[in-house]
Amino acid sequence: MKAVIVKEKGQTPVYTTDFQPVVPTTPQEVLLRVQAVSIKNLDRAIASSQHYSVSSKPFAPFVIGTDGVGALEDGTLAYGFGLNGMLSEYAVVNRAQLVPLPAGIDLALAAALPNALMGSVMALLLRAKLKKGEVVLINGATGVTGQVAVQMAKYYGASKVIVTGRHPATLAHLKTLGADEIIPLQEEQEPLTSAFHRVHQETPIDVVVDYLWGASASAILSALKGKGHYQHPTRFVNVGAMSGDLLPLSSSILRGTDLMLLGSGIGSWTPQETEHFFQVLLPEAFELAVKGQLHLDTVSYSWQQLSEIWNKSLANGQRLVITTD
């Protein structure tokens with residue numbers, strides 16, 4: 001079977017034509033003839049054996065990739081998770097987590113969107129419970145998931161979307177995706193906190209979706225704090241920690257702010273919420289993409305090229321997709 005595998009621990013994945021074929025072992029498993037797989041930080045961490053899910057396991061050659069799109073036996077195009085890797089001629093997927101693709105959708109986009117949607121709509125709708133007319137601040141919006149979050153926040157009815165980031169060109173691009181105000185991130189903490197405070201006073205922030213944590217999240221939390229009088233309630237949802245896993249948090253912020261501090265990730269979603277994502281939210285987003293109302297910049301390469309482009313740097317906000325053509 002054709003596949004892209006990690007042949008030896010720690011080495012760059014390679015394309016092969018003779019990997020062991022996969023077969024379903026239960027009635028809930030089906031074969032998907034794979035056509036496109038997105039490569040994310042998670043996939044790179046697993047491939048390098050640094051991710052906690054594989055770091056302590058005995059090594060054996062394995063197929064890379066966690067999810068992607070392809071065709072079922074009857075020709076239906078669908079998105080799914082590979083139970084034993086994804087970037088191979090065929091992948092075994094769980095029937096219950098298959099999402100049929102709408103006609104006309106770009107397969108590279110369909111492969112790349114779900115991870116970004118999981119990191120955005122779950123935070124916006126299921127954790128923050130965003131309501132129409134609310135103000136949203138997206139901290140670290142220049143990445144793939146942040147850009148999708150901007151678009152989905154607007155789609156779900158946010159009256160104003162404020163974005164932060166360090167890449168001027170991408171920040172400017174976010175304006176075309178629906179961002180209303182930009183706060184460039186800077187090294188000095190005091191002016192950054194002041195910028196967040198000004199925005200919060202002008203249009204009180206209802207929801208923060210944070211992909212960075214670290215210094216910028218600390219500045220936001222400090223800016224939300226009142227000075228002895230009641231503050232507008234804010235739901236702060238952390239999704240990632242690109243700027244560091246720890247930050248100092250003064251207890252006075254919690255006492256002086258009507259603040260709900262939340263996280264959004266696999267451990268915080270109920271089985272019912274995850275099911276709702278696959279059955280309702282993801283199909284809805286796929287339809288938006290077909291209509292040209294949801295955008296994500298992908299860069300595609302053939303799986304035969306993967307070894308040479310594995311360490312290639314992409315422009316900010318782009319997602320690598322590997323096709324099996």
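This is a predicted model: local features need pLDDT of at least 70, side-chain atom pairs count only at pLDDT 80 or more; totals for chains, interfaces and linings use all residues.
**Overall build**
- For 325 residues, a compact globule would come out with a radius of gyration near 20 Å, and the chain's 21 Å agrees with that.
- Along the principal axes, the C-alpha atoms fill a box of roughly 70 × 40 × 35 Å.
- If you look at contacts between residues at least 6 apart in sequence, 68% of them join residues at least 24 apart.

**Aromatic pairs**
- Two numbers describe a pair of aromatic rings: the distance of the centres and the angle of the planes.
- The count of aromatic pairs comes to seven.
- How are the rings of F59 and F62 arranged? Their planes sit at 70°, above the 60 degrees needed for edge-to-face, so the pair is edge-to-face, with the centres 6.0 Å apart.
- F59 has 33% relative accessibility, so this residue counts as partly exposed.
- Elsewhere, ring pairs link up Y79, F81, F277 and F278 as a cluster.

- H51 lies in the loop between α1 (41-47) and α2 (52-55).
- Is H51 buried or exposed? Its relative accessible area is 17%, and the cut-off for buried is under 20%, so H51 is buried.
- Setting aside neighbours within four places in sequence, H51 is in contact with L42, A45 and I46.

- Strands of a sheet pair through backbone hydrogen bonds, and they can do so in parallel or antiparallel fashion.
- Here, three strands form an open sheet in the order β2-β1-β4, and the pairing is antiparallel.
- β2 (14-16) and β4 (62-63) are the edge strands, each pairing on one side only.
- β1 (residues 3-6) is joined to β2 by three bridges, with the two strands running antiparallel.
- Which residue of β2 is the bridge partner of I5? That would be V14.

Note on methods. Residues are numbered from 1 along each chain as its sequence is written. Side-chain values use heavy atoms; hydrogens and water are left out. Helices (H or I, at least four residues) and strands (E, at least two) are DSSP runs, numbered from the N terminus. Buried means under 20% relative accessible area, exposed over 50%, partly exposed in between (1.4 Å probe, protein chains only). Contact means heavy atoms within 4.5 Å. Rings of Phe, Tyr and Trp (its six-membered ring) pair if their centres lie within 6.5 Å; planes under 30 degrees apart count as stacked, over 60 as edge-to-face and the rest as tilted. The radius of gyration is taken over C-alpha atoms; the globule rule is 2.2 Å times the number of residues to the power 0.38. Two strands pair if DSSP finds at least two bridges between them.
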